Amino acid sequence: MGASQDNTRTATGREIDRIPWVGVLSIDDRAWVVPRLRVRECTAGEFVLRAGDLPTHWYGVVEGMLKVDHVDGAAEHLTFSGIPAGGWFGEGTLIKGHPFLFSVQALRKSVVACLAATDFQALTQRSIAFNRYAMGQLNERLAQFIAAREIDRMADDEQRLACSLLWLRNPVLFPSAGDVLMITQQDLSNLIGMSRQRVNKALAALEGRGVLRVEYRTLRFLDPQKLRDSAAAL
């Protein structure tokens with residue numbers, strides 16, 4: 001997707017309604033940007049962009065979930081984050097103008113929106129509200145990437161899972177996040193870098209403490225404070 005936009009289409013009204021930053025714009029700015037938004041349907045495992053791609057677009061998830069990761073010079077695989085519906089990414093790279101340092105891949109069938117880099121830059125000139133939104137994203141993303149490094153080093157599976165789930169519910173990065181997260185146990189396994197068996201065991205432990213309830217392809221969060229406690233220490 002980073003290299004070609006041939007498979008994109010115009011966003012539908014329903015899809016536009018699921019893009020959180022559109023709601024902060026003035027009527028005129030919204031009318032200007034909406035026709036410029038494009039969406040693409042991605043299959044599970046498909047790359048949205050690869051490390052080294054030039055920043056030609058700003059990206060967001062309308063449906064599904066993406067995975068952000070990186071392989072360093074020592075061939076160490078590091079997962080930074082999952083991006084559920086409502087999340088947007090790549091603004092820092094667009095501002096710097098450098099190639100992407102990470103790859104983004106669909107964990108499952110997803111609908112991904114994009115805004116051309118030139119339109120992103122133009123919108124920052126047009127809208128103070130949009131600038132505030134982008135700055136909030138950058139500040140929160142920095143904290144997220146620092147935390148991701150620590151999560152990857154955690155030895156306790158339950159704490160590692162709880163920390164990852166806590167970030168997936170971050171209201172700044174993912175304003176659509178609520179008490180229900182549409183995600184499979186296989187998705188969690190791929191995202192966190194743990195085997196499905198270890199994920200299942202950790203989920204069962206969190207469920208047993210009343211943190212969440214495991215449903216079909218869904219996690220329902222029952223007690224936000226217990227989730228924070230589980231992420232902090234077990």
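Which residues are linked with R9 in a network of salt bridges? Select R9, E15 and E41, which are joined in such a network; a salt bridge here is a side-chain nitrogen of Lys or Arg within 4 Å of a carboxyl oxygen of Asp or Glu.

Before going further, a word on what you're looking at. This is a predicted model, where local features need pLDDT of at least 70, side-chain atom pairs count only at pLDDT 80 or more, and totals for chains, interfaces and linings use all residues. Residues are numbered from 1 along each chain as its sequence is written, and side-chain values use heavy atoms, with hydrogens and water left out.

**Stop 1: salt bridges**

Stay on E15 and R9: their closest N and O atoms are 2.8 Å apart. E15 is buried at 5% relative accessible area, while R9 is partly exposed at 27% (buried means under 20% relative accessible area, exposed over 50%, partly exposed in between, with a 1.4 Å probe and protein chains only). In general, side chains of opposite charge can pair when their charged atoms come close.

Now pick E46 and R40, another salt bridge, with 2.0 Å between the closest N and O atoms. E46 counts as buried at 18%, and R40 is buried too, at 10%.

Next, jump to D179 and R169, whose side chains meet in a salt bridge at 3.2 Å, N to O. Both sit in the loop between helix 6 and strand 10 (180-182), ten residues apart. D179 is partly exposed at 44%, whereas R169 is buried at 17%. The structure holds 14 salt bridges.

**Stop 2: helix 6 against helix 7**

Select residues 157-168 for helix 6 and 185-192 for helix 7. Helices (H or I, at least four residues) and strands (E, at least two) are DSSP runs, numbered from the N terminus. The two axes come within 11 Å and cross at roughly 100°; axes are lines fitted to C-alpha atoms, for helices over the stretch in contact, and angles run from 0 to 180 degrees between N-to-C directions. That makes helix 6 roughly perpendicular to helix 7, a label for angles of 65 to 115 degrees.

Show the side chains of R160, L161, S164, L165 and L168 on helix 6, which meet L188, L191 and I192 on helix 7. Contact means heavy atoms within 4.5 Å.

**Stop 3: the core around L188**

Click L188. Beyond its neighbours within four places in sequence, L188 is in contact with L161, L165, I183, G193, V199, L203 and L219. L161, L165 and L188 have the most contacts inside the largest nonpolar core, which has 23 residues; such a core is a set of buried Ala, Val, Leu, Ile, Met, Phe, Trp, Tyr and Cys residues joined through side-chain atoms within 4.5 Å. Colour helix 6, helix 7, helix 8 (196-208), strand 12 (218-221) and helix 9 (224-232), the elements that give two or more residues to this core. Helix 6 provides the largest share, five residues.

For a second, separate core, of 22 residues, select L25, W88, F130 and Y133, which are among its members.

**Stop 4: S189**

Buried or exposed: which is S189? Head back to helix 7, where S189 is found; at 9% relative accessibility, this serine counts as buried. Draw a C-alpha to C-alpha distance from S189 to V199: they are ten residues apart in sequence and 6.2 Å apart in space.

Technical notes
Angles under 35 degrees count as roughly parallel, over 145 as roughly antiparallel, 65 to 115 as roughly perpendicular and the rest as oblique.
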